[in-house]
Amino acid sequence: MIKKKEVIVVGGGLAGLACAMKLAEKGSFVKLISVTKVRRSHSVCAQGGINIAINLKGEDDSPIIHAYDTIKGGDFLANQPPVLEMALAGPGILRMMDRMGCPLNRTPEGHVDFRRFGGTLYHRTAFCGASTGQQLLYSLDEQVRRYETKGLIEKFENHEFLRLILDEKGIARGIVMHDLFNLKLEVLKADAVVIATGGLGLIYKKSTNSTFCTGAANGRLYMQGMKYANGEFIQIHPSCIPGNDKMRLISESVRGEGGRIWVYGNSSKTIEFPDGTTHPCGKTGEPWYFLEEMYPAFGNLVPRDIGAREVLRVCELGLGIDGKLQVHLDVTHLPPETQHKLESVLDIYQKFTGDDPRKKPMKICPGVHYTMGGAWTDWPAADDSDRLERFRHMTNLKGCFNIGESDYHYHGANRLGANSLLSCIYSGLVAGVEVPRYIDSLSSSYTQTDEKIFGDSLRIEEQIQEELLSKDGSENVHQLHDELSDWMVRFVTVKRDNPDLVKAIDKIKEIRTRYENIGMADRGKTLNQTYVFAHQFKAMLEIALVITKGALLRNEFRGAHFKPEFPERDDANWLKTTIATFDRKGDEPVITYEPIDMRHLDPIQRDYTKAKKIVPTLKNIPENIELPL
Amino acid sequence: MDNKYTLKIFRGTPGNQYWEEFELERNSAANVISALMEIQKNPINKKGEVTTPVAWEQGCLEEVCGSCSMLINGKPRQSCTALIENYIQSTGSTTITLAPFTKFPLIRDLCVDRTSMFESLKKIRGWVSVDGSEDTGQFGPSISPEVQEAMYTLSTCMTCGCCTESCPQVNEKSDFMGPAAMSQIRFFNANPTGKLEKSDRMRVAMGDEGIAGCGNAQNCVKVCPKNIPLTESLALIGREASKQAIKDFLGLPDAGNID
């Protein structure tokens, strides 16, 4: 029995912080690693809110309906028990965040207020203005700081995870990291490692993600044998401001509060509506609110995959602003008090474009936004007979857990807006109770691990550093990144075609070969960002292959994965989870599949054209669910 | 129109700082970050010499994480929202200067170490002391929309350090924590549960690193990218600190409202 539980948490966004807090509260000692000050993590970018089915709006909402909307919104690709328990935990999570001082918007009576979001007909989204992720993150950051002063959490900010250390039995016993200020390599030891490193938007470069979100940590683990699931499912957000450096998000809450998407109509052109009927594209010269016409029930609040696809379809007919992939998002008609609730996002639009969105409709376009896929992790349901022998959120590498956006659970083929903040906090709390239980199951601690194991891992990284720093070739790694991003954005986003995907795989492999010939523009050790990025890029290329090959093989249309050649969801052949495994000898990922846990709800068609508030039933709900709260 | 512009960057490591110029193509959508990214791809200075890429700190690029603070034409701000064309048009000059903050230890080029700001958040007890994360079935105390809005405004502080950089009272001779930490005291004291530890925070505000350090220069409020009413916070904390001093002098526990 290990008395002092020591845990490494890599990543300090919502998931990592929630996990660190819970672990410390339960008496574990946490080493928290982050490439930035944890308070700057990408969770701050989440704008619109967090979905909590607590039914404070008199709409008869419930966690069961929330779970139903989420499973359906994800096009039945998500394992269902995790979705159910996440929805059930929502109300408790909201109460916890409220008690911790998160400044959530209020009703006149002083209670938490809710707004509408995509893919649901309920007012289910609690929010803090239009920077909800920032506020939730700050509240957890503050609790973690409190535990830091108590000596239960030790932070290693400006440090980056490089390698998992596995003992002779393949059990995680620590990590190798480097200090981003001076490239000093260091071993940290512990009896469990939790990875919470977020999404991989930087593989596409121009995404809504922060520049920290490279996906490199998962890429490195994948190259060490971690299974990676549903890589091909990448969410494209319908509303972004294009920039030279990134795509800037314009929150779905803008539409939740009444913002409308339109282009100028052209009655000489026709388009097929989702019900199969053909219609003219509005009236020439007048605003055409195409989402409202095509999807009368959900209108501008259709799920993001649908929104992004319809924007593309309309623009491909030449109706985009200036003929580009660009449409209007209009809040000019909203009353000032509603615009005020969106102030932070409207201000950002104005700062970057110079136009006041209160007076002039915004111009927006789709952009890479969220990584539904990620590390494969186990997730035994409450009533599974082996529930207590398995560990939720543990990867196939024993003792290495994975949570938040960097794992593959909860969202299936398409994430509903405002579900990510919930899944991040929830999975963090789950790991916070599973990890101590896991450590209790170990017969020995890292203190009994042979020192040679740690030394060997360190030496591998020392060698990599030495080789990479001395690279003297003609390629510039940032230019290679631009090339990768051009291909990924063109061929592996909203619309996927097999011939393009084949070419994209070849291109990624070509870039991987050319990467061997990069030159290191900087050879110093002080804050050498070129080196740090070059190290990340190698792992990013491997995940790019996982995404692209998964997309190539999946010959169907499901959620965010749209392949016109196969225009239907194909449950007979493709209702299964994609698993990618690194092949040390071959040059491509090995792709296999595993069944989805569908014990609560049989697949139905996703229809957002007409919908009434039905009260869905979920089957087989266990009676012994214990929430991590 | 001259289709080129110059970024003049104060770079280097502690004790070895120098100016280096880079010439770049004008582009209507360019911001400082995208310009620095161009230099990464082609690290050649204006003289045509191959040099090292410039190091800078960045994160969200949406002005919500606080990472990319630097001095642009001498003024502290976030570089993600700094649009090149706006600078060229408002100054009439095609040269823009970038420099690291001066009130924090320099790491390299445009990067400084702002750890001191996060240490201040520890000192002021910047948290609400909940009994635990376990769900009690209860929300926190109800809060009016008006108070929520005030709290939200204070809580948008992203610890970027612009206020600290602009404050003449933050210097080698003073221990003043700077405006951000004082404003955070106000934020936590405004929370109905956070208020329970108000006296502890006020005693920090009364200490050597506290509000007495403020010289009322009012630079902070002018540079805050989030328009946080920092001078209002500083004045309020000043008044509250005086009240706390009286309470402590009288030796009364903070049990009743003696305001």
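User: Taking an axis as a line fitted to C-alpha atoms, for helices over the stretch in contact, with angles running from 0 to 180 degrees between N-to-C directions, at roughly what angle do the axes of helix α13 (residues 477-491) and helix α14 (residues 498-515) of chain A cross?
Analyst: This is a predicted model, and in it the axes of α13(A) and α14(A) come within 10 Å of each other. Because angles over 145 degrees count as roughly antiparallel, α13(A) and α14(A) are described as roughly antiparallel. The crossing angle itself is roughly 170°.

User: How many nonpolar residues take part in the contact of α13(A) with α14(A)?
Analyst: Among the residues that α13(A) brings to this contact are A:L480, A:L484, A:W487 and A:F491, while α14(A) contributes residues including A:L501, A:A504, A:I508 and A:I511. The contact holds six charged residues and no polar ones, and its nonpolar residues number 11.

User: Are α4(A) and α3(B) roughly parallel or roughly perpendicular to each other?
Analyst: The axes of α4(A) and α3(B) lie 10 Å apart, and the two helices pack at an angle of about 80°. From α4(A) the contact uses A:R145, A:E148 and A:T149, and from α3(B) it uses B:F118, B:L121 and B:K122; by class, these comprise two nonpolar, one polar and three charged residues. Since angles of 65 to 115 degrees fall in that class, the helices are roughly perpendicular.

User: Within what arc do the buried residues of α3(B) fall?
Analyst: Helix α3 of chain B, residues 115-123, has B:M117, B:F118, B:S120 and B:L121 as its buried residues. Viewed down the helix axis they line one face of α3(B), because they fall within an arc of 150°.

User: Is B:T94 buried or partly exposed?
Analyst: B:T94 sits in the loop between α2 (84-91) and β5 (95-99) of chain B. Leaving aside residues up to four places away in sequence, B:T94 touches B:D2, B:K4, B:Y5, B:T6, B:R26 and B:I88. Buried would require under 20% relative accessible area, and because B:T94 has a relative accessibility of 26%, it counts as partly exposed.

User: What ipTM does the predictor give the complex?
Analyst: For chain B the pLDDT averages 95, with 97% of the residues scoring at least 70. For the complex, the predictor gives a pTM of 0.97 and an ipTM of 0.96.

How values were computed. Residues numbered from 1 in each chain as written. Chains lettered and ligands numbered in written order. Predicted model: local features only at pLDDT ≥ 70, side-chain atom pairs only at ≥ 80, totals over all residues. Heavy atoms only, no water. Buried < 20%, exposed > 50% of the residue type's maximum accessible area, 1.4 Å probe, protein only. Helix = DSSP H or I, 4+ residues; strand = E, 2+ residues; numbered from the N terminus. Arc of directions from axis to C-beta. Parallel < 35°, antiparallel > 145°, perpendicular 65-115°, else oblique. Contact = heavy atoms within 4.5 Å. Nonpolar A, V, L, I, M, F, W, Y, C, P; charged D, E, K, R; others polar. pLDDT = per-residue confidence, 0-100.
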